Amino acid sequence: MKAIAKIINRIKTNLHKGMIVPAVLLFITFTLLPIIFSIGLSLTDWNGYSSPDFVGLKNFIKFFSDDRAKNAVKNSVFFALLSVPLLNIIGLSYALLLDRKFKGVNFVKAIVYIPAVISPLIMGYIWMFVLQDNHGAIFAVFEMFGKGDNYINFLGDPKMAMYIIIIVNAFQFVGLTMTIYAAGLQGIPQDLYESSAVDGATKFQQFTKITFPMLGPSIVINVITNIIGSLAIFDLVVSLTGGGPGYATETISLYIFRQSYGGQSGYAASVSLIMFVLVLIPVLVSLRIMKKSRLHLED
Amino acid sequence: MKKTFLVILTLVVTFALSACGGNSDKVTITFLNGKAEAVDWVDAAIIEFEAEYPDIEVIHEFNADASNALKVKISGNDIPDITTVYDTALMKDGYYYDLSDLEAWDRIDPSIKALCTDPLTDIQYRIATNRTMAGLFYNKAIFTEVGATEPETWDEFVAALEDVTDAGYDGLYMGGKDTWMIGHLIEFWAHGLIKQELGTVDANIAFMMNQTTKLNFDADNGPMEIFAERFMELKTLGLLNDDFLTATYDNQIDAFANGEAAVISQGMWALGGILEKAPNLASSIGFMPYPAMDPTKDAVILSAEDSGYAIMEASESKEAAITFLNFLFEADRQKEYSELIKSPSAFTDVDADWSPIREAVTSALSKGTHIGFTATPSGFGGGEAGILVQNLYLGEYTVADFVKEYTDSWNEAWNASN
């Protein structure tokens with residue numbers, strides 16, 4: 001009887017450990033196994049359907065002499081370098097502006113957030129219909145004033161098309177970034193501001209010495225998710241520019257997709273792994289910098 | 001109470017077992033369809049088929065990207081029984097069932113049968129029910145207004161486009177954002193030179209086997225160089241629409257239907273969309289072959305097989321699949337289909353009123369050398385080739401760069417899938 005009670009007690013004590021089993025199973029099935037499978041696939045010449053042959057590191061070597069792949073990496077990195085700061089600066093600005101009580105504040109927050117719930121694919125098409133040369137909504141306005149000839153072909157200009165994607169992406173996801181910052185601002189104790197005000201701190205000093213450091217966890221979450229999201233951008237590019245004109249906006253995800261469905265699934269898997277490293281490096285660097293700056297999650 | 005429960009249980013078990021027994025003879029076949037315009041027609045045919053053949057159930061799966069869907073299904077061992085997708089790489093790897101013994105061939109136009117025949121083995125792995133054409137649609141009213149006539153040579157074509165653009169219309173309007181469309185320019189204009197030079201069967205073999213000495217993609221004054229030079233001539237002279245890079249297929253159809261564009265390069269599949277937007281335009285629509293970019297060659301027109309069906313070798317219900325195909329191939333049903341997709345039937349016993357521009361098409365077919373589709377390597381279809389045309393248009397490539405990129409991309413894709 002004592003032994004049974006001991007077993008029941010043991011089960012009760014360790015029950016919480018069993019709770020993570022479903023999550024672990026999901027992680028193994030949808031994350032770990034695909035990564036392991038990708039590693040295996042990257043060492044083959046699999047074309048997507050027939051039996052693959054082992055080719056060693058040939059796919060990885062090929063990547064470094066593949067100009068189109070390097071261009072796609074360059075485009076993705078360029079996109080991330082501009083998108084991440086843009087999303088965070090605007091997102092934080094919105095959060096600070098809306099962190100006060102005024103009539104309609106929730107309505108304004110909803111307006112800023114709404115684009116984030118729309119599928120990026122749809123968002124891309126909407127903006128294509130707005131920006132398109134000769135057919136778009138803005139062009140129609142130019143035409144109305146007899147200025148159609150002055151319209152800039154944003155999506156057809158290889159130098160401008162990527163900036164347009166960056167702006168549309170920021171428009172769509174700034175609401176998400178804002179929400180995380182807004183939640184962070186809610187967590188800052190008001191007495192810190194009150195006591196600093198008594199000590200004569202200016203608004204700017206309060207921001208740099210209290211708000212910004214206290215937003216550490218929010219900054220970490222936003223920066224990391226923005227880096228991952230930016231380097232993996234796919235659907236918005238597909239619908240807005242199709243990766244064009246030419247290869248001007250072809251990102252690494254789109255390149256992988258095209259290779260994968262172009263009979264080069266083995267090579268696409270190797271590029272996916274390179275992309276995995278590409279995403280991992282800035283994420284680790286960001287975590288390191290933020291830890292050094294005391295902006296890490298534990299704060 | 002206990003007794004009643006036992007009676008009910010016995011009835012339930014008996015019913016369930018008898019139901020299982022009744023279904024055991026039912027054969028289920030899966031049809032992977034990639035033709036959007038045929039979805040409703042297929043669904044209606046399936047209802048009639050299942051009523052006539054209660055022992056066969058047909059599961060209709062439509063996928064706009066059926067070509068890739070089929071590959072995914074093959075790798076997942078979920079292979080359909082019938083598909084509209086025909087891929088030469090899959091054919092070479094033995095994924096398709098030999099359809100050479102189908103009775104329906106007796107009713108098929110021999111030229112379509114020839115296009116459905118694998119030139120290397122002389123076996124038919126697919127059967128096409130229609131013929132499709134692609135060429136240059138032009139607005140006869142605009143041509144008459146500017147005093148242009150239907151061009152037969154390249155120089156006449158350029159002159160006609162200059163006339164229409166001088167009058168304020170768009171010359172050759174292309175929806176370059178949908179890159180498959182500008183990839184077609186290569187398939188018909190550049191490859192047209194090769195197909196004309198080698199003939200349909202030999203050209204098909206040359207493309208499939210990548211016989212580089214016959215294709216001559218990178219030769220001086222070869223097909224790709226001629227294409228690139230002529231294309232840039234159109235661009236330089238302002239004979240292409242100025243939104244060439246961003247216009248879509250829909251924009252192209254709109255521009256032609258609204259009378260803004262004088263000429264578009266399209267297949268018969270576009271006609272339905274044009275007439276839907278401008279039903280009164282039918283009498284003004286002209287259709288002509290692609291004038292030869294090389295003055296030593298003739299104009300060409302795509303006259304190829306359309307609406308093909310293949311049975312997969314892995315199918316365990318080939319007989320049921322053939323029964324279903326034979327049902328679809330019945331003359332009345334094919335007449336309806338031909339009129340639906342506005343393409344002439346390949347069946348000799350089907351007389352359909354397939355197009356209001358039937359006469360213009362017949363005239364074009366009599367003027368140009370007939371060419372078929374190109375057996376492109378997997379992964380280097382019209383969409384990928386179209387991106388290279390975008391780069392040429394943008395000035396990212398010189399003519400020489402374009403020729404090199406095209407040749408390299410083709411060879412790389414071919415090597416990857418062979």
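Is B:Asn216 buried, exposed or partly exposed? Hold that one for a moment while I do the housekeeping.

What you're looking at is a predicted model, where local features need pLDDT of at least 70 and side-chain atom pairs count only at pLDDT 80 or more, while totals for chains, interfaces and linings use all residues. Residues are numbered from 1 along each chain as its sequence is written, chains are lettered from A and ligands numbered from 1 in the order in which they are written, and side-chain values use heavy atoms, with hydrogens and water left out.

Okay, back to B:Asn216. This residue is partly exposed, with a relative accessible area of 33%; buried means under 20%, exposed over 50%, and partly exposed is in between, with a 1.4 Å probe and protein chains only. You'll find B:Asn216 in the loop between helix H10 (212-215) and helix H11 (223-236) of chain B. Helices here are DSSP runs of H or I with at least four residues, strands are E runs of at least two, and both are numbered from the N terminus. Phi of B:Asn216 is near 50 degrees, so a positive value in a residue that isn't glycine.

Now B:Ser307, which has a positive phi too, near 55 degrees, and isn't glycine either. B:Ser307 sits in strand E10 (residues 300-311) of chain B, and is buried, at a relative accessible area of 4%.

While we're in chain B, have a look at helix H9 (residues 200-209). Its buried residues are B:Ala203, B:Asn204, B:Ile205, B:Ala206, B:Phe207 and B:Met208. The cover over them includes H4, strand E4 (117-118), helix H8 (179-198), H10 and H18 of chain B. Just after H9(B) comes B:Asn210, with a positive phi of about 50 degrees.

Over to chain A. This one has 14 helices and zero strands. Along the principal axes, the C-alpha atoms of chain A fill a box of roughly 75 × 60 × 35 Å. Of the 299 residues in chain A, 41% are buried. One backbone detail to click on: a cis peptide bond joins A:Gly244 and A:Pro245, with omega about 5 degrees. A:Pro245 is in the loop between helix H12 (235-240) and helix H13 (252-260) of chain A.

Last stop, the interface. How many residues does each chain bring to the contact? Chain B gives 30 and chain A gives 30, with contact meaning heavy atoms within 4.5 Å. About 2300 Å² is buried between the two chains, and carbon and sulfur atoms give 51% of that; buried area is the accessible area (1.4 Å probe) that two parts lose on being put together, summed over both. B:Lys177, B:Thr246 and B:Ile387 supply 22% of the area chain B buries against chain A, more than any other three residues.

The rule finds two salt bridges across this interface, a salt bridge being a side-chain nitrogen of Lys or Arg within 4 Å of a carboxyl oxygen of Asp or Glu. One of them links the side chains of B:Glu384 and A:Arg68, at 2.8 Å, N to O. On the chain B side, helices H3 (66-75), H4 (88-92), H17 (382-394) and H18 (399-417) each supply at least two residues, and H17(B) has the largest share, six residues.
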